[in-house]
Amino acid sequence: MLGKPAVHVEPKPPPGDPYRPDTLFDGWSTPELTVRLASVRGDQHRFDGRPRQDDVVVAWHEPSATVVFAVADGVSAAAQSHVGAALVCRTAVNDLLVQLGEDRPGPDWTRVLQAARYQLLMRVARGREPDEGDLAEANRTLATTVVAGTVAPAEGGGMHVTLACAGDSSAWCLQQGRFNPLLRDKNSDPGEITSNAVVALPRLSTRSRPLSYTLPADGVLLVGTDGFGDPLGDGSGMVGQLFAELAVRPPEPRVLAHLLDFSRETFDDDRTLLAVWPRHRLSGGAP
């Protein structure tokens, strides 16, 4: 409970096709990086009996020592946005893995987002070549935001991070108690965003401009949907104080899920958070 908690509700069962658990969490480490993730159904969806509309997929590309991921937030007004979020995450990660295995200097991020977009269109086109009517239907029923990215080890114990997005999910570097935004958030200067950052799939500008960073050895990459980002704000409040503990060391995956399921009045959206640390941070030590 943070501040004034929300009224407790006993969750109602969501539709069973496709199966969507109320809460998802996972965690593992490669030789260089440590990953934790959690996704929880918001209280409003628990009360209404609607499925968790967020999704997250993470994988390891062993030859390049790279973690690839996608975090999606289905648009509430789209009836099957949870399906759209799942399709987009799996397609984006699969395409990144394929590209990392090809002889190229780096992923084509426009291709990643276009591949995810195409899956949404094919879902409604049912095997035929999609047309403008399918685009409109996919937008009505499957619309979702997505942040896709890669994380690779850097010299000195840091991390090379590249991000591409469609929609209003966010990413941060947590360092020394500060949540430094890496993508546009709702309070940022419009001049800081890429041209497609506020457009949810399947609508997308013709090109995507990824953002790349080298995070320091004491930094943590966080990628979250607005169910986490909205209550976090600038990180100076109670939610920021709670999650600032992630800068110390990676928690057990179930602990991250417990933290993410905090109760605070008016914040009842689905919440998803992916966190990546350099592996040396697993014990809270220095590189």
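Biologist: Let's begin with Gln-176: why does this residue count as exposed?

Modeller: Gln-176 has 67% relative accessibility. Exposed means over 50% relative accessible area, buried means under 20%, and partly exposed lies in between (1.4 Å probe, protein chains only). At 67%, Gln-176 therefore counts as exposed. A word on the ground rules: this is a predicted model, in which local features need pLDDT of at least 70 and side-chain atom pairs count only at pLDDT 80 or more, while totals for chains, interfaces and linings use all residues. Residues are numbered from 1 along each chain as its sequence is written, and side-chain values use heavy atoms, with hydrogens and water left out.

Biologist: How do you know how many disulfides the structure has?

Modeller: A search of the whole structure finds zero. A disulfide is a pair of cysteine sulfur atoms within 2.5 Å. The sulfur of Cys-165 has its closest cysteine sulfur in Cys-89, 14 Å away, so the two are too far apart for a bond. For Cys-173, the closest cysteine sulfur is in Cys-165 at 17 Å, again too far for a bond. Cys-165 is buried at a relative accessible area of 6%, and Cys-173 is buried at 4%.

Biologist: Which residues touch the most other members of the largest nonpolar core?

Modeller: Val-146 and Leu-201 do, in a core of 28 residues. Among the elements that each supply at least two residues of this core are β3 (54-61), β4 (66-74), α2 (81-100) and β5 (144-153). A nonpolar core is a set of buried Ala, Val, Leu, Ile, Met, Phe, Trp, Tyr and Cys residues joined through side-chain atoms within 4.5 Å. There is also a second, separate core of 23 residues, including Val-35 and Val-276. Beyond its neighbours within four places in sequence, Leu-201 is in contact (heavy atoms within 4.5 Å) with residues including Val-88, Leu-113, Val-146 and Ala-166.

Biologist: What makes α2 largely enclosed by the rest of the structure?

Modeller: Of its 20 residues, 14 are buried, so α2 is largely enclosed. One of the residues in this helix is Ser-81, buried with a relative accessible area of 0%. As for span, α2 reaches 28 Å from its first C-alpha to its last, close to the 28 Å expected, where the expected span is 1.5 Å times one less than the number of residues.

Biologist: Why is the pair of Phe-228 and Phe-243 called what it is called?

Modeller: Rings of Phe, Tyr and Trp (its six-membered ring) pair if their centres lie within 6.5 Å; planes under 30 degrees apart count as stacked, over 60 as edge-to-face and the rest as tilted. By this rule there are three aromatic pairs. The centres of Phe-228 and Phe-243 are 5.0 Å apart and their planes are at 80°, so this pair is edge-to-face. Phe-243 and Phe-262, with centres 6.2 Å apart and planes at 70°, are therefore edge-to-face as well. Trp-172, Phe-228, Phe-243 and Phe-262 form one aromatic cluster.

Biologist: Which residue lies over the face of Phe-262?

Modeller: Arg-271 does, at 3.8 Å from the ring centre. A charge sits over a ring if NZ of Lys or CZ of Arg is within 6 Å of the ring centre and within 35 degrees of the ring normal. Lys-12 lies over the face of Phe-47, at 4.7 Å from the ring centre.

Note on methods: Helices (H or I, at least four residues) and strands (E, at least two) are DSSP runs, numbered from the N terminus.
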